[in-house]
Amino acid sequence: MEYMNQSRNNLKPQDIVILLKIIALGEQSWFHHTIAQELGISQSEVSQSLNRSKYAGLIDGARKKVNKLAFTEFLMHGVAYAFPQHPGPIVRGVLTAHSAEPLNNIIHASDKYVWPYAKGQERGQAIEPLYNTVVEASLKDKELYELLTMVDAIRVGRAREKEIAKKELEKRIQNA
């Protein structure tokens, strides 16, 4: 009957967010409840997410250390297909993708992409974040914010933007 339960092992967008949060923490120790609190996700969802990531080989058996090589490979080649995004209408929000740091220092584009957010200071085309709590969590964690914006550049960018984002993201993950 194990084959009947395969869908519970399928990755979800919040799994990427949680793994990026762990990367952003670097060598700091963390617990399920601290990740849950900082991301605005329930503790049980964090636990389920880490189980899915373990099943996919993106985190170690103890569910503590991200498999940087496998996770980088997934982000470089899979995230845009697993969690695609297309720019939406012009809204108020928080900059993302090539419109945000660090990519906006490298890529100069006239179009702006934002995560919809009522308290946001920017206007641009809406990009749905990987998870609904991402904006609030990112405002409290610059490292997480930058990792998420680079993932968004891979999800929505043109070829040049994607390549620049991939190089920068890979460098940060491998050095975390």
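The model on screen is a predicted one.

**Stop 1: Arg-52**

Select Arg-52, which lies in helix α3, residues 43-56.

Is Arg-52 buried or exposed? Its relative accessibility is 4%, and buried means under 20%, so Arg-52 counts as buried.

Next, show what touches Arg-52. Leaving aside neighbours within four places in sequence, its contacts include Arg-8, Asn-9, Asn-10, Leu-11 and Lys-12. Gln-14, Asp-15 and Glu-45 are also among them. For a distance to check in the viewer, pick the C-alpha atoms of Arg-52 and Val-17: they are separated by 13 Å, with the two residues 35 apart along the chain.

**Stop 2: Trp-115 and Tyr-145**

The structure holds 1 aromatic pair. Select Trp-115 and Tyr-145: their ring centres are 5.7 Å apart and their planes stand at 75 degrees, so the pair is edge-to-face. The pair links distant parts of the chain, with Trp-115 in strand β2 (residues 113-116) and Tyr-145 in helix α7 (residues 142-156), 30 residues apart.

Trp-115 counts as buried, at 1% relative accessibility. Tyr-145 counts as buried at 15%.

**Stop 3: Lys-64 and Trp-30**

Finally, select Lys-64 together with Trp-30. What sits over the ring of Trp-30? It is the charged end of Lys-64, 4.0 Å from the ring centre.

Key: Residues are numbered from 1 along each chain as its sequence is written. This is a predicted model: local features need pLDDT of at least 70, side-chain atom pairs count only at pLDDT 80 or more; totals for chains, interfaces and linings use all residues. Side-chain values use heavy atoms; hydrogens and water are left out. Helices (H or I, at least four residues) and strands (E, at least two) are DSSP runs, numbered from the N terminus. Buried means under 20% relative accessible area, exposed over 50%, partly exposed in between (1.4 Å probe, protein chains only). Contact means heavy atoms within 4.5 Å. Rings of Phe, Tyr and Trp (its six-membered ring) pair if their centres lie within 6.5 Å; planes under 30 degrees apart count as stacked, over 60 as edge-to-face and the rest as tilted. A charge sits over a ring if NZ of Lys or CZ of Arg is within 6 Å of the ring centre and within 35 degrees of the ring normal.
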